[in-house]
Amino acid sequence: MLLVLDSNEYIFSFGSEPKSSCTLLVEQILQEPALYSLRICRTTIEDVRDHVSRGDFRDFIRFLQALDVFIDEDELVPFELGGKYLTRGLKPGDAFLAGYTEWVGADCLISENRKDFVNHPRLFPFKVRTAEHFLEEHPRKTT
Amino acid sequence: MPRMARPKSRRPDPKKALECLRRAQERNRRYGGPTKGMTEEEIIASVKEKRNARWEAKFAART
């Protein structure tokens with residue numbers, strides 16, 4: 001299952017105000033690497049950089065490297081995809097992230113931003129979930 | 001799925017990735033960070049504000 005995590009998921013995992021559902025989500029992804037794969041864009045990297053300490057950002061980059069998550073440059077994403085979501089009423093940054101998620105063909109965008117993403121599932125061709133809802137739908141497999 | 005040139009893939013190392021997460025969590029317990037004391041809503045709003053500011057300029061340049 002291909003996932004795109006909004007920057008708030010990483011910030012609530014690697015930052016100084018942790019949210020347990022976001023941390024549990026990251027841990028679940030780590031526990032089942034054959035089941036989940038991540039994609040991330042440059043914009044999300046910049047969001048995280050702006051909201052965590054330098055040391056935490058360094059660990060965040062090492063985290064991505066350890067999982068072999070390649071960073072997609074924003075310029076690769078067709079402009080029209082973001083523009084489509086702009087016309088649907090999203091703000092520019094959110095429109096880009098939605099366009100990026102569609103472009104990579106992700107199954108699900110996970111975000112704590114209910115106002116712009118989670119509360120408007122019909123706007124998107126992919127699932128949008130909070131970490132908590134995703135974990136409810138995909139409980140950890142016990143071995 | 002878009003096709004593009006990507007670096008040669010390495011085998012993912014979830015154990016090492018978890019170590020990175022734990023190290024960041026421990027650092028935050030000791031020293032805090034730029035979002036210390038902010039509510040969840042404030043952090044989400046801050047991310048949105050900065051991201052939208054960057055992308056407003058990019059979209060404006062393309063339209």
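Select Asp94(A) and Arg51(B) first: their side chains form a salt bridge, with the closest N and O atoms 3.0 Å apart. A salt bridge here is a side-chain nitrogen of Lys or Arg within 4 Å of a carboxyl oxygen of Asp or Glu. Asp94(A) lies in helix H6 of chain A and Arg51(B) in helix H2 (residues 40-62) of chain B, so the pair joins two chains. Asp94(A) is buried at 0% relative accessible area, and Arg51(B) is buried at 1%. Buried means under 20% relative accessible area, exposed over 50%, and partly exposed in between (1.4 Å probe, protein chains only). Helices (H or I, at least four residues) and strands (E, at least two) are DSSP runs, numbered from the N terminus.

This is a predicted model, in which local features need pLDDT of at least 70, side-chain atom pairs count only at pLDDT 80 or more, and totals for chains, interfaces and linings use all residues. Residues are numbered from 1 along each chain as its sequence is written, chains are lettered from A and ligands numbered from 1 in the order in which they are written, and side-chain values use heavy atoms, with hydrogens and water left out.

Next, stay in chain A and select Glu102(A) with Lys84(A), a salt bridge of 2.8 Å, N to O. Glu102(A) belongs to helix H6 (residues 92-104) and Lys84(A) to helix H5 (residues 79-87) of chain A, so the pair ties together parts 18 residues apart in sequence. Glu102(A) is partly exposed at 25%, as is Lys84(A) at 27%.

Move to chain B and select Arg30(B) and Glu26(B), whose side chains meet in a salt bridge (3.2 Å, N to O). Both lie in helix H1 of chain B, four residues apart, about one turn of the helix. Arg30(B) is exposed at 59%, while Glu26(B) is partly exposed at 34%. Then select the network joined by salt bridges that share partners; its members include Asp6(A), Glu46(A), Asp116(A), Lys48(B) and Arg54(B). Over all chains, the structure holds 22 salt bridges.

For the surface, select Arg54(A), Arg58(A), Arg62(A), Arg10(B) and Lys16(B), which form a positive patch. Patch residues have over 30% relative accessible area and no salt bridge, with like charges joined within 9 Å. Helix H4 (residues 54-66) of chain A gives the largest share, three residues. Arg10(B) sits in the segment before helix H1 (14-31) of chain B.

Last, colour chain A by pLDDT (the predictor's confidence in each residue, from 0 to 100). Its mean is 94, and 99% of its residues reach 70 or more.

Note on methods: Patches are made of residues with over 30% relative accessible area and no salt bridge: like charges are joined within 9 Å, nonpolar side chains (Val, Leu, Ile, Met, Phe, Trp, Tyr) within 5 Å. Accessible areas come from the Shrake-Rupley method with a 1.4 Å probe; for residues, only the protein chains shown count as cover. Lys and Arg count as positive and Asp and Glu as negative; His and the chain ends are not counted. The place of a charge is taken as NZ of Lys, CZ of Arg, CG of Asp or CD of Glu.
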